[in-house]
Amino acid sequence: VDDGFALIRAPGVPGMRGYVNNQEIGQTDSRGELIVPNNLISYYGNRIGINDQDVPLDYRVDATEKTVATPFRGGAVVVFPIIRLQIITGTLTVETAGVISIPAYGRLLVTVADQTVESPIGKRGEFYLENVPAGRHTAVIEYEQTVCRLTLDVPDRADPFLKLGEIHCTLPSGAHR
């Protein structure tokens with residue numbers, strides 16, 4: 001190592017082209033890693049990047065370039081988090097005392113690892129969520145002063161689009177906020 005070096009990481013995405021100061025220097029390996037052995041200038045900002053055209057369509061990358069300054073004969077690990085997208089859709093119905101209704105223009109709240117993911121509910125009860133992991137999640141339908149609690153089951157499939165179909169929530173009669 002004559003000067004600065006870097007390791008470019010695009011976890012899990014092979015074949016990403018890596019750049020230093022807009023010069024292509026190679027492609028990531030099968031683990032999504034590319035070593036940049038001698039192309040960095042120590043103590044100066046070096047622009048490290050990847051080509052967003054190499055990102056598969058069902059993935060999202062938030063940044064394609066970062067600036068790093070390494071010490072003399074020192075290195076940097078430059079991570080470009082690439083997140084796999086999974087779109088989850090379906091429709092919602094609510095049953096109260098045997099009467100089925102559509103919670104049009106309400107909202108669906110899904111709890112995922114102590115965070116809440118939200119989707120507006122469309123006219124026909126349709127919802128849209130992104131990147132909710134596989135498993136059973138607590139969910140709440142809120143509409144017209146009404147709250148209906150349910151469990152949302154997300155199957156463990158690698159499909160970029162998951163259609164859950166009709167999700168049914170049963171509300172005890174007279175239950176409101």
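## The open sheet

In what order do the 4 strands of the open sheet lie, and is their pairing parallel or antiparallel? In this predicted model, the order is β3-β2-β5-β7 and the pairing is antiparallel. The edges of the sheet are formed by β3 (23–27) and β7 (65–68), each of which pairs on one side only, and the twist from one strand to the next averages 25°.

Strand β5, which covers residues 46–50, pairs with β7 in the antiparallel sense over 4 bridges. Within this pairing, R47 has T67 of β7 as its bridge partner.

## The nonpolar cores

The largest nonpolar core has 22 residues, and those with the most contacts inside it are I88, L108, F127, L129, I141 and L152. Two or more residues each are given to this core by β10 (87–96), β12 (107–112), β14 (126–130), β15 (135–143), β16 (146–154) and β17 (161–171), with the largest share, 5 residues, coming from β17. In soluble globular proteins, nonpolar side chains tend to be buried together.

When its neighbours within four places in sequence are left aside, I88 is in contact with F127, Y128, L129, V132, V154, L162 and L164.

## Aromatic rings

Where does the charged end of K66 sit? The charged end of this lysine is placed over the ring of F80, at 5.3 Å from the ring centre.

Key:
Residues numbered from 1 in each chain as written. Predicted model: local features only at pLDDT ≥ 70, side-chain atom pairs only at ≥ 80, totals over all residues. Heavy atoms only, no water. Core = buried A, V, L, I, M, F, W, Y, C linked by side-chain atoms within 4.5 Å. Buried < 20%, exposed > 50% of the residue type's maximum accessible area, 1.4 Å probe, protein only. Contact = heavy atoms within 4.5 Å. Lys NZ or Arg CZ within 6 Å of the ring centre and 35° of its normal. Pairing = 2+ DSSP bridges. Axes fitted to C-alpha atoms, helices over the stretch in contact; angles between N-to-C directions.
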